Amino acid sequence: MTEKLFINNSYITEFTADIINVIEDDSKFMIELDKTCFYPESGGQPSDIGFIDNCSIFDVQYKDEKIYHYSKEKPESTLDVQCRINWDSRFDLMQQHSGQHILSSSFEKLFDANTIGFHLSEESVTIDLDKKLDAFELEKAEKLSNEIVFKNLPIIIHYPDETMLNQMPLRKPTKVFKDIRIIEVENFDFSPCGGTHVKNTGEIGLIKIKKFENHKDGIRLEFTCGMRALKDYQLKNNLVNKIAVDMSVSSDEVENSYEKLKEDMNLLVQEIKDLRQQLIEYKINGLKENAEIHSNIKLIKYEFTDIDMKSLKTISSTIVNEPDFITLFSLVNDDVKLLFARSKNVDVNMKDIIKEPLELINGRGGGSPFAAQGGGNKINNASLALETAYKHINSLLK
Ligand SMILES: [Zn+2]
């Protein structure tokens with residue numbers, strides 16, 4: 001059984017140990033030591049990384065009640081190997097994890113909201129609460145948590161017997177009574193935990209909730225502590241400063257300027273919509289004026305190049321909504337699209353009309369007797385396709 005050096009002192013970074021077993025598994029080596037300060041992944045906290053002699057340790061896991069240190073290199077010697085953990089990574093995890101104790105306790109004290117999930121990774125830290133809270137309540141918990149940080153309270157490890165345990169105001173009840181490890185944030189929080197924590201709350205640094213969302217019956221919130229919180233602040237501060245420079249305002253005015261910009265943009269979008277509608281109406285009138293009349297049917301044939309399909313459909317449907325019209329439209333740019341339609345009272349099957357033109361443009365499509373559409377890639381035949389449909393209709397209208 002490996003002695004866990006991290007249990008009573010989470011500040012040991014280097015130690016000498018003996019390797020008691022090495023298992024080769026799928027081009028990895030699982031190294032077992034007689035003692036270790038590498039924290040194995042558990043309780044929502046990722047494992048430490050570091051070195052055993054020159055072997056890089058990328059993961060540490062509990063397996064069959066043993067602790068295995070994973071490396072891609074095989075250790076050369078087994079006695080008195082020099083081990084060291086990556087302290088930057090460990091201290092960062094200790095800051096986030098200790099911050100979680102305080103934050104969870106604040107939610108419980110202020111709002112009777114229990115932590116039912118915790119996830120800590122290199123990228124983010126989240127807590128799941130069993131109760132829905134709003135942004136104002138989250139700010140209150142955040143404030144209380146930071147007050148606990150600023151008081152620089154000691155964080156104490158206890159191994160209570162059952163009598164002592166019963167007297168402790170545990171945040172969550174425990175089912176284990178023997179060999180239990182309780183982490184106390186002095187007179188603030190008592191929680192059973194096997195993880196690594198800082199000695200004093202001041203070491204956690206700022207605790208900042210970043211965002212939250214509904215999750216099951218409660219919420220999931222993402223927060224950040226210590227150096228991560230500083231990096232987050234730097235990132236956001238730089239962003240606000242950049243936007244302020246771009247907008248030629250002070251950083252205090254960014255929000256108002258942004259609201260104004262949104263208003264202006266909405267107005268412009270509406271203006272573009274109105275202009276587009278006017279343009280469509282103008283186009284429709286022009287097309288109707290130039291319609292050819294065959295046996296009382298008004299036939300419009302037109303090749304578009306500078307319009308979107310949605311507008312084309314609007315033009316076509318607006319025209320054939322009136323009686324006596326047939327529209328034969330093509331849209332030619334990167335490929336060819338055909339859109340043929342007719343008024344309800346015209347007795348021509350547009351599905352039949354589009355067949356041959358579609359073949360000419362190497363296209364596919366279909367539709368109904370009232371309207372048919374399709375597209376193809378043979379741009380050179382675009383005019384011929386339209387002309388073929390035109391002739392076909394003329395022959396039917398004679
Ligand atoms: Zn803990």
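A residue counts as partly exposed when its relative accessible area lies between the limits for buried, under 20%, and exposed, over 50%. In this predicted model, Trp 87 has a relative accessible area of 26% and is therefore partly exposed, and Tyr 11, at 24% relative accessibility, is likewise counted as partly exposed.

Seven aromatic pairs are present in the structure. In one of them, the ring centres of Tyr 11 and Trp 87 lie 5.7 Å apart and the planes stand at 45 degrees, so the pair is tilted. This pair links distant parts of the chain, since Tyr 11 belongs to the loop between β1 (3-4) and β2 (14-17), whereas Trp 87 belongs to helix α1, 76 residues apart. Together with Phe 91, Tyr 11 and Trp 87 form one aromatic cluster. Another pair, formed by Phe 15 and Phe 38, is edge-to-face, with 6.3 Å from centre to centre and 70 degrees between the planes. Here too distant parts of the chain are linked, Phe 15 lying in strand β2 and Phe 38 in the loop between β5 (35-36) and β6 (50-52), 23 residues apart; both Phe 15 and Phe 38 are buried.

The protein donors of the zinc ion are His 97 (NE2), His 101 (NE2), Cys 193 (SG) and His 197 (NE2), which lie 1.9 to 2.2 Å from the ion and follow the spacing H-x3-H-x91-C-x3-H along the chain. Because the angles subtended by the four donor atoms around the zinc ion are 97 to 123 degrees, the arrangement is tetrahedral. His 97 and His 101 are four residues apart in helix α1, and are therefore separated by about one helical turn. His 97 counts as buried at 2% relative accessibility, as does His 101 at 4%.

The largest nonpolar core comprises 32 residues, of which Leu 103, Phe 107, Leu 129, Leu 133, Ile 207, Leu 221 and Phe 223 touch the most other members. Several elements each supply at least two residues of this core, including α1 (87-111), α2 (135-150) and β15 (207-215), and the largest share, six residues, comes from α1. When residues up to four places away in sequence are not counted, Leu 103 touches Ile 127, Ala 141, Glu 142, Ser 145, Ile 207, Ile 209, Leu 221 and Phe 223. Apart from this core lies another, of 24 residues, among them Leu 328, Val 336, Phe 340 and Leu 358.

The domain assignment of the protein chain gives domain 1 (3-85), domain 2 (91-239), domain 3 (249-278) and domain 4 (291-397), and the C-alpha centres of domain 2 and domain 4 lie 67 Å apart.

How values were computed. Residues numbered from 1 in each chain as written. Predicted model: local features only at pLDDT ≥ 70, side-chain atom pairs only at ≥ 80, totals over all residues. Heavy atoms only, no water. Core = buried A, V, L, I, M, F, W, Y, C linked by side-chain atoms within 4.5 Å. Buried < 20%, exposed > 50% of the residue type's maximum accessible area, 1.4 Å probe, protein only. Contact = heavy atoms within 4.5 Å. Donors = N, O, S within 2.8 Å, 3.2 Å for Na, K, Ca; no water. Tetrahedral: all angles 85-135°; square planar, octahedral: opposite > 155°, others 65-115°. Domains from an automatic or database assignment. Phe/Tyr/Trp six-rings, centres within 6.5 Å; stacked < 30°, edge-to-face > 60°.
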